[in-house]
Amino acid sequence: MSASAKISETRFADIVGADHVALDPEILSSFEIDGVAPAAVTRPRDAQEVSELVHLAAAENLAVIATGSRSKLGIGMPPARYDVAIDMTRLDRIVAYDPGDLTLGVEAGIPLHKLASVLKEQRQFLPLAVPFFDRTTVGGTIATGVDTPLRQLFGTARDYVLGMEFVTGEGNLTKSGGRVVKNVTGYDLHKLMIGALGTLGIITKINFRTFPSPAASRGFVAAFDTAEATLGFRHRIARSALAPSTIEILSPGVAELFYSDDAARIEPGALRPNLLPNAKWALTTGYAGSDRVLARYEMDLRQMADEAGATEIAVLFHDLPAAWGRKREFVPIALASSPATTIMKLCVLPTRIAEMLGRAAGEGENVGLRCVALARGVGVIYFALLPPDGSNDSRTKVSGATARIAAACSEFGGNSTIPWCPAKWKSFLAVWGPERADFTEMKKLKTVFDPRRIFAPGRFAGGL
Amino acid sequence: MNRDLIRSLEQLLGNDGVLSSREDLLLYEYDGSVEVARPECVVFPRSTEDVVRIVDLSNRHEVPLVGRGAGTGLSGGALARHGGILVVFSRMNQILGIDVENRRAVVQPGVVNLDLTRAVEHAGLHYAPDPSSQKACTIGGNVAENAGGPHTLAYGVTTNHVLGLKLVLPTGEAVQIGSSALDATGYDLTGLFVGSEGTLALVTEITVRLTPLPETIKTLLAVFDSLDDATETVVDITSRGITPAACEMMDGWTLRAVEAYVHAGFPLDSAAVLLLEVDGLREAVEEQAESVAEVCRLHHAREVRVARDAQERDLLWKGRKNAFGAIGRICPTYYVQDGVIPRTKLPATLRRITEIGRQNGFEIGNIFHAGDGNLHPIILFDARNEDEFKRVVTTAGEIIQFCIEMGGAITGEHGVGMEKDHLMPLLFSEIELDLMRGVRDVFNPKGLLNPGKIFPTSKGCGEIRVRPLPLAGTMAR
């Protein structure tokens with residue numbers, strides 16, 4: 001612990017109470033990020049306390065990282081400095097919920113599953129079917145910007161977050177947006193917080209637009225011999241009148257992961273054997289509505305799948321939660337499947353998905369690594385390399401393959417990052433992908449929101 | 001304005017690319033709002049390079065710079081409040097690329113909103129954000145204001161459809177932000193710049209999403225004998241989880257004015273009508289239309305009419321989209337607001353607006369995006385009567401104050417501009433405004449780009465300013 005942090009300890013206690021400051025090494029180690037532990041963990045009760053903690057940290061030049069369930073601390077680079085963890089889990093209240101208006105305001109530390117059950121009582125939901133669903137907090141979900149299969153129909157958080165309250169790097173409690181569904185009053189600063197990994201502000205409250213739950217949902221799975229045929233089916237759906245809520249392409253080998261013991265542990269629920277064919281490509285799609293609507297979907301999907309050359313077709317009803325839950329948990333399942341799982345996120349235009357998948361698989365094959373991919377129909381590919389171990393040899397293979405895959409992604413006009421990989425490999429991999437031309441503008445924003453650079457320094461793209 | 005500067009601009013853009021005579025400039029002192037401000041010179045760039053050079057000249061001469069599309073804005077966003085150069089994008093009106101398979105288009109800022117839809121309709125696509133002024137307004141202006149429209153209830157506003165922008169920053173650098181592929185790495189700069197009301201950069205290229213046309217559309221007109229029944233219907237539709245593509249409301253007073261102009265067949269003796277649209281898959285639309293009609297009847301709609309064909313549908317929409325033109329025919333001046341409230345507060349808010357009108361001696365018309373809770377109360381008055389004018393200002397202030405008390409906001413789609421800057425302190429603390437100012441200043445360090453917008457010019461609590469209002473225009477809201 002730095003001298004400065006020691007001096008601050010009692011002052012932290014003055015803010016949050018002595019019971020809510022932890023210095024015990026065991027607790028500190030549970031807040032480690034890539035092997036770096038904080039000198040203190042604080043547990044504020046409300047936004048005001050967060051503001052005071054940051055204010056103090058800024059005065060003492062202490063680096064601060066806000067945490068939720070700590071399920072996604074692996075995203076980003078190791079912190080350059082990390083003095084104080086601000087555990088946000090005591091900020092777990094629903095501040096406002098107006099079901100009739102389909103709007104909601106919550107504190108950042110509320111667990112997503114807890115919120116989902118409150119919404120369910122009103123037959124509503126948030127389209128945040130994100131990984132680590134049973135643990136993650138709403139704030140962590142938004143700050144890391146993880147996406148969801150439901151983005152096919154509902155878009156991402158930026159499309160349904162209406163406003164936020166957050167604490168800036170100087171400890172100011174501020175807000176932008178509002179709680180109404182349509183609003184152009186002032187700059188949309190809250191959009192900057194989404195996916196910023198806490199480097200611009202600590203989110204204390206989030207206002208959402210909620211969505212009515214559909215009457216019923218179904219899933220449809222079709223298997224194909226090639227990626228091209230699978231994408232052919234995707235393009236047919238895109239050209240049709242159907243508007244499914246999810247479309248996902250699974251590479252050969254994903255089924256093996258989804259039927260593993262790890263998968264059953266992460267997302268329990270029995271999956272019918274052979275529902276997802278392991279040796280083949282598969283396209284899974286979900287849709288919702290009344291019986292007549294569901295029947296129309298099934299009829300059109302069957303016909304389009306046939307035309308695209310599907311070898312097998314299944315319609316899911318009873319298996320739906322388990323099957324879809326495993327798609328949602330693709331990242332944790334992949335992480336459990338190898339001691340050195342490295343997952344690239346490759347975003348390309350939909351017509352480039354097949355080529356991108358082909359190039360990535362080819363590079364994986366060239367270095368002899370087991371690889372699987374889950375591609376969202378909108379053009380977001382999660383490509384997982386699953387080395388047998390975390391050895392230097394594996395690292396060399398992974399760093400070579402990921403560099404070539406990233407270059408191919410750039411060539412296709414896409415965006416690539418490596419959100420998950422072993423901590424000790426991060427300095428060898430391009431975690432945040434190639435530097436962008438607009439990075440200068442991002443640096444400018446950092447100076448406005450966090451002039452002393454105390455928020456998660458070094459964690460974000462370009463060392464921000 | 002400095003002759004050297006005008007000469008340099010003429011050298012750059014040609015003589016027909018620069019206007020500086022008084023009679024030419026008069027045409028550019030208005031937009032669709034009640035504000036007036038005259039630029040010192042108007043320029044018409046044809047390329048990003050032109051814009052870069054214009055910005056350089058503005059910097060060298062320390063002269064303000066304001067971007068402008070078609071000038072249909074409703075908050076004075078595209079007016080040169082502090083003079084300077086008005087950069088009009090009407091000659092940068094090319095659609096640079098359409099990618100049907102990936103549903104993307106790249107356009108220059110001067111492309112008219114509806115022209116993009118017309119260019120992609122053949123492929124079964126459209127550009128979804130549809131402000132009522134879509135026949136005239138430009139996509140560049142839509143991006144600056146984060147424009148909405150009647151169909152944003154189901155489809156979202158401009159920001160939900162913009163993926164990337166090419167910008168010319170006030171420092172003169174051109175930079176591409178966002179990307180055609182999703183999830184551009186780093187901070188969501190596109191999300192910040194859309195809706196920044198032209199205060200952070202000039203936009204020279206816009207990458208947008210295109211949206212499939214629905215398989216079926218049904219348009220319904222529900223007629224009510226009481227305003228409360230109409231607003232309660234909207235609350236009920238929303239809370240039942242029915243999301244129509246559009247849910248517009250017109251009160252009796254407004255629809256009589258509209259009917260006299262458009263002859264859309266609106267019933268003259270009703271207290272309010274709802275114009276509802278459901279779209280999507282054939283099977284879903286039939287069911288949704290039936291549920292919507294059922295809720296209307298439950299709340300005592302005396303008639304629920306379904307448009308028989310595209311022609312009747314177009315006529316109903318013509319009535320809605322030309323409403324403000326219709327009102328311009330019957331009174332010398334009107335003042336429109338843009339407050340937003342939670343949908344559940346609609347009945348109480350409409351009652352309160354009527355009451356505020358009565359107390360201040362005004363009849364207030366209401367025609368608005370009910371499904372979004374985005375109000376457009378219209379106060380009719382005679383600007384030549386000074387006393388009446390003062391009372392309008394007080395009345396408008398009371399309505400906005402009530403919207404805020406209901407948990408709402410001061411503008412849903414028209415922007416803050418120079419019209420509502422003084423109201424910002426009602427929603428944001430000085431610390432919050434300072435953070436936003438900090439963002440502006442980091443991109444626009446000399447404050448030359450669109451000065452005098454969004455932020456209150458003097459510190460302290462907002463007070464409705466008294467200012468001269470021009471006669472009513474005919475621009476659609």
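**Domains, chain contact, sheets and core**

In this predicted model, chain A is divided into domain 1 (1-213 + 434-464), domain 2 (217-330) and domain 3 (338-428). Chain B is likewise divided into domain 1 (1-213 + 428-452), domain 2 (216-326) and domain 3 (331-414). The contact between the two chains takes 66 residues from chain A and 66 residues from chain B.

**Contacts between domains**

- In chain A, the C-alpha centres of domain 1 and domain 2 lie 34 Å apart.
- Eight residues of domain 1 of chain A are in contact with 10 residues of domain 2 of chain A. On the domain 1 side, these residues divide into seven nonpolar, one polar and no charged.
- In chain B, 29 Å separates the C-alpha centres of domain 1 and domain 3.
- Nine residues of domain 1 of chain B are in contact with eight residues of domain 3 of chain B. The side of domain 1 that touches domain 3 has six nonpolar, three polar and no charged residues.

**Contact between the chains**

- With 66 residues coming from each of chain A and chain B, the side of chain A that touches chain B draws at least two residues from each of helix 7 (157-160), strand 9 (173-177), helix 8 (189-193), helix 12 (291-308), strand 19 (415-420) and helix 17 (439-449) of chain A.
- Helix 17 of chain A gives the most to this side, with seven residues.
- By class, the side of chain A that touches chain B has 28 nonpolar, 22 polar and 16 charged residues.

**A sheet in chain A**

- Five strands of chain A form an open sheet in the order 5-6-10-8-9, with antiparallel pairing.
- Strand 5 (94-98) and strand 9 of chain A are the edge strands, each pairing on one side only.
- On average, neighbouring strands of this sheet are turned by 15 degrees against each other, direction ignored.
- Strand 6 (residues 103-107) and strand 10 (residues 202-209) of chain A pair in the antiparallel sense over five bridges. Thr103(A) stands opposite Arg209(A) in strand 10 of chain A.

- Strand 5 (residues 95-99) and strand 6 of chain B pair in the antiparallel sense over four bridges, and Asp99(B) has Arg104(B) in strand 6 as its bridge partner.
- These two strands of chain B form a hairpin with four residues between them, and Arg103(B) in the turn has a positive phi of about 55 degrees.
- Strand 6 of chain B also pairs with strand 10 (residues 202-209) of chain B, in the antiparallel sense and over four bridges. Here Val107(B) stands opposite Ile206(B).
- In a regular strand the side chains alternate between the two faces of the sheet.

**Core and a buried loop residue**

- The largest nonpolar core has 300 residues, of which Phe383(A), Val87(B), Val273(B) and Leu274(B) touch the most other members.
- Leaving aside neighbours within four places in sequence, Leu274(B) is in contact with residues including Ala222(B), Val234(B), Met249(B) and Ala370(B).
- Asp372(B) lies in the loop between strand 17 (364-368) and strand 18 (377-381) of chain B. Asp372(B) counts as buried because it has 27 C-beta neighbours inside 10 Å.
- Not counting residues up to four places away in sequence, Asp372(B) touches Val181(A) and Lys182(A) in chain A, and Thr152(B), Leu153(B) and Gly412(B) in chain B.

Definitions and conventions. Residues are numbered from 1 along each chain as its sequence is written. Chains are lettered from A and ligands numbered from 1 in the order in which they are written. This is a predicted model: local features need pLDDT of at least 70, side-chain atom pairs count only at pLDDT 80 or more; totals for chains, interfaces and linings use all residues. Two residues are in contact if their C-beta atoms, placed from the backbone, lie within 7 Å. Ala, Val, Leu, Ile, Met, Phe, Trp, Tyr, Cys and Pro count as nonpolar, Asp, Glu, Lys and Arg as charged, and the others, Gly among them, as polar. Two strands pair if DSSP finds at least two bridges between them. Axes are lines fitted to C-alpha atoms, for helices over the stretch in contact, and angles run from 0 to 180 degrees between N-to-C directions. Domain bounds come from an automatic or database domain assignment. A nonpolar core is a set of buried Ala, Val, Leu, Ile, Met, Phe, Trp, Tyr and Cys residues joined through C-beta atoms within 7 Å. A residue is buried if 20 or more other C-beta atoms lie within 10 Å of its own, exposed if 12 or fewer, and partly exposed in between; C-beta atoms are placed from the backbone.
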